[in-house]
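Please examine the sequence and the three-dimensional structure shown below. The report that follows describes selected features of this model.

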Amino acid sequence: MSDKSEIVIVSNRLPVHRVDREGRSGWETSPGGLVSAMTPILRDRPSTWIGWAGATDWSPDPFIHEGIRNYPVPLTADDIANFYEGFSNSTLWPLYHDAIRTPSYHRHWWRPYQEVNERFAAIAAEVAAPNGIVWIHDYHFQLVPAMLRVLRPDLRIGFFLHIPFPPQELFAQMPWRRQVLEGLLGADVVGFQTKMGAQNFSRLCRKYTDAIGARDLDYQGRHVTVQAFPISIDYARYESLARDPAVRQRAEVLRAQLGEGRRIVLGVDRMDYTKGIDIRIKAYGELLRSKRTTLRDTVFVQVAVPSRERVDEYQTLRDDVERLVGGINGSYGELGMTPIHYLHRSLPAEELVGLYLLADVMVVTPFRDGMNLVAKEYVATRIEDDGVLLLSEFTGSAHELKSAMLVNPHDVDGLTNRLYAALTMSPTEQARRMKRLRRTVKENTVYDWANSFFEALAA
Ligand code: ADQ
């Protein structure tokens, strides 16, 4: 394989992770839509994926795994504290999610953010073939496009933001707002999950930079395409897992464990304060308190993957969620039967799909979410056109999944009423909605998403 790549992907994590088995260690492809969407495209041509390998004490040399060259970028413990947990996850993440937690602005995080962006840009510049394509992912690397353009003006540079892009009223808070916008404007294509994100970006660029244009922008003599590319899932994979006899058998075992005859309400998320895990548990508690449902009729299962546990806000959230679950189980549970089952861990896809198959109601209630793939995964597994998706209006998914039962997660009474309506929805109404939802997700898969981004970049 040539050491120069026609396609280069830049993301915070490499698409692989280290596994140790029987004393031998090696790499395994990480689960996730982004990795599976890229793999067919990357395998066809010389390509490199640049990202962090996940450890601060060592960083291996570039290596090939399943036909893709991985280029690990070393990050020190200080980089993780300042660039990752600091600027990325305590400044940008809350600011871009409606400031539902107060963003922290620290000058001693900004410089490391610039330095790490420079490090990634330098590697991309080194590995990309002449006139090659570099696709940069997410809020960790908003300065890379402009840095890379200075080093390699021959490249086609794309940037995709996986999280929301905030409106002017919020973005204007950021002390480094102009630098971030100018960083992104280094790309030829800047992609967002929704039209709203794209509009916010164009408007902010017109206000704080020299860029002009209604949606696409002209900047420093270049054309910058600004567009929504709603991300999706590998629909066929989820549908086929839903048909897999082993997965279905496992689901039946889980059903027996949860109690035959109980309707199942499910939540699956990263443990993050944007996801509205607390609010949905409160709403379920209200249903029990008002006796509109009982311990015998329903059971709530919440699976939350541990996330960013060293950031204070995430510790507090976990404590809050666990206190809420404990309170409700204490008040309404009986010996041998609890209203809420709570798992704080990651589950294999087969187990997750088993739960999707069991869920009569799937509750997805983020206060703000770029897209939310869990909603789409649930829909893809409902091969019998039943089940109800209760979906927050403030997710990117709600822009597409219009036949879901939409909710405002800030309104506990509204959410409680909708949860009750979902639990009592007729099978005919369920089927009417689910058929439409399934068609929508099937028509725009993660492969369509990746192809349309590459097409825009090649145009
Ligand atoms: P996330 O905030 O991580 O992603 P989401 O889109 O819901 O949110 O994706 C989560 C993924 O993790 C799903 O594929 C889900 O199956 C998986 N997952 C969740 N809980 C799990 C568990 N307990 N065990 C195993 N797997 C679990 C960010 C943005 C989103 C955007 C995506 C993609 O915040 O808005 O949709 O990127 O762009």
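## A buried glutamine

In this predicted model, Gln193 has a relative accessibility of 5% and therefore counts as buried, since the term applies to values under 20%. Gln193 belongs to the loop that runs between strand E9 (189-192) and helix H7 (195-208).

Which backbone atoms does the side chain of Gln193 reach? A polar atom of this side chain lies 2.9 Å from the backbone oxygen of His162, and the side chain also reaches the backbone nitrogen of Ile231 at 3.2 Å. With neighbours within four places in sequence left aside, the residues in contact with Gln193 include Phe160, Leu161, Ala228, Phe229 and Pro230, as well as Gly370 and Met371.

## Two domains

The domain assignment divides the protein chain into domain 1 (5-231 + 447-458) and domain 2 (235-443). The centres of domain 1 and domain 2, taken over C-alpha atoms, are separated by 30 Å. Across the boundary, 22 residues of domain 1 are in contact with 20 residues of domain 2.

In soluble globular proteins, nonpolar side chains tend to be buried together. Here the largest nonpolar core holds 93 residues, and Ile50, Tyr96, Phe165 and Phe201 have the most contacts inside it. Helix H3 (residues 107-127) contributes the most to this core, namely ten residues. Both domain 1 (5-231 + 447-458) and domain 2 (235-443) supply at least three residues each to this core. A second, separate core consists of 39 residues, among them Tyr238, Val301, Met362 and Val364.

Apart from its neighbours within four places in sequence, Tyr96 is in contact with several residues, including Leu161, Ile163, Pro164, Phe165 and Pro166. Gln142 and Arg368 are also among the contacts of Tyr96.

## The ligand and its surroundings

How many residues lie around the ligand, and which come nearest? There are 22 residues around the ligand, and those that come nearest are His162, Leu347, Asp369, Met371 and Glu377.

Taken alone, the ligand exposes 720 Å², of which the protein buries 83%. Strand E12 (263-270), strand E13 (298-305), helix H12 (349-358) and helix H13 (373-381) are the elements that give two or more residues to the shell around the ligand.

Note on methods. Residues are numbered from 1 along each chain as its sequence is written. This is a predicted model: local features need pLDDT of at least 70, side-chain atom pairs count only at pLDDT 80 or more; totals for chains, interfaces and linings use all residues. Side-chain values use heavy atoms; hydrogens and water are left out. A nonpolar core is a set of buried Ala, Val, Leu, Ile, Met, Phe, Trp, Tyr and Cys residues joined through side-chain atoms within 4.5 Å. Buried means under 20% relative accessible area, exposed over 50%, partly exposed in between (1.4 Å probe, protein chains only). Helices (H or I, at least four residues) and strands (E, at least two) are DSSP runs, numbered from the N terminus. Domain bounds come from an automatic or database domain assignment. Contact means heavy atoms within 4.5 Å. A residue is near a molecule or strand if one of its heavy atoms lies within 4 Å of it. Accessible areas come from the Shrake-Rupley method with a 1.4 Å probe; for residues, only the protein chains shown count as cover. A polar contact is a pair of N or O atoms within 3.5 Å; within protein, one must be able to donate a hydrogen and the other to accept it, and residues adjacent in sequence count only if both atoms are side-chain atoms.
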